[in-house]
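I'd like to walk you through the side-chain packing in one model, so let me put it up on the screen.

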Amino acid sequence: MYRVTSDHQVLEQVAALPIEALASYAELLVLLETVPWNGDPVQKNNPDGAVRAHAFGRGGLMTYLILEDQRRVDVLIVQWVG
């Protein structure tokens, strides 16, 4: 299992999400605890890269970094375009 972490900036981004996005955001956090590598690599020319992105809800995108040796996922950016 992986530990998912977020810094203050990310928490502010999450606080700005619309209420209808929160459930799908929470589901994504649970998913990242078990299978973070299922996200899409941010750099298409580096398919095994540790920086990944995963869509959520009807307009959300989370970018995150997998620190495999620490079994940790650091959420970098949470965006909403919906």
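Let's start at Tyr25. Skipping its neighbours within four places in sequence, Tyr25 is in contact with Ser6, Val10, Val14, Leu17, Phe56, Met62 and Val78, where contact means heavy atoms within 4.5 Å.

Quick housekeeping. This is a predicted model, so local features need pLDDT of at least 70 and side-chain atom pairs count only at pLDDT 80 or more, while totals for chains, interfaces and linings use all residues. Residues are numbered from 1 along each chain as its sequence is written, and side-chain values use heavy atoms, with hydrogens and water left out.

Back to Tyr25. Which residues have the most contacts inside the largest nonpolar core? They are Leu17, Tyr25, Phe56, Met62 and Val78, in a core of 15 residues. By nonpolar core I mean a set of buried Ala, Val, Leu, Ile, Met, Phe, Trp, Tyr and Cys residues joined through side-chain atoms within 4.5 Å. Buried is under 20% relative accessible area, exposed is over 50%, and partly exposed is in between, using a 1.4 Å probe and protein chains only. Helix H1 (8-15), H2, strand E4 (60-67) and E5 are the elements giving two or more residues to this core. Those labels are DSSP runs numbered from the N terminus: helices are H or I with at least four residues, strands are E with at least two.

Now the aromatics. Searching the whole structure turns up two aromatic pairs. In the pair of Tyr25 and Phe56, the ring centres are 5.6 Å apart and the planes sit at 65°, so we call it edge-to-face. Tyr25 lies in helix H2 (residues 22-34) and Phe56 in strand E3 (residues 51-56), so this pair ties together parts that are 31 residues apart in sequence. The cut-offs: rings of Phe, Tyr and Trp (its six-membered ring) pair if their centres lie within 6.5 Å, and planes under 30 degrees apart are stacked, over 60 edge-to-face, the rest tilted.

Then there's Phe56 with Trp80: centres 6.0 Å apart, planes at 45°, so that pair is tilted. Here Phe56 in strand E3 is linked to Trp80 in strand E5 (residues 72-80), 24 residues apart. Put together, Tyr25, Phe56 and Trp80 form one aromatic cluster. Is each member buried or partly exposed? Tyr25 and Phe56 are both buried, with Phe56 at 4% relative accessibility, whereas Trp80 is partly exposed at 26%.

On to the charges. The structure holds two salt bridges, meaning a side-chain nitrogen of Lys or Arg within 4 Å of a carboxyl oxygen of Asp or Glu. One joins Arg72 and Asp74, with the closest N and O atoms 2.8 Å apart, and both of those residues are buried. The other joins Arg71 and Glu68, at 3.0 Å between the closest N and O atoms. Arg71 is partly exposed at 35%, and Glu68 is partly exposed too, at 33%.

Arg71 is in the loop between E4 and E5, and its charged end sits over the ring of Tyr2, 4.0 Å from the ring centre. For that label, NZ of Lys or CZ of Arg has to be within 6 Å of the ring centre and within 35 degrees of the ring normal. What about the backbone? Phi of Arg71 is near 50°, a positive value in a residue other than glycine. Most residues other than glycine have a negative phi.

That's my tour, thanks.
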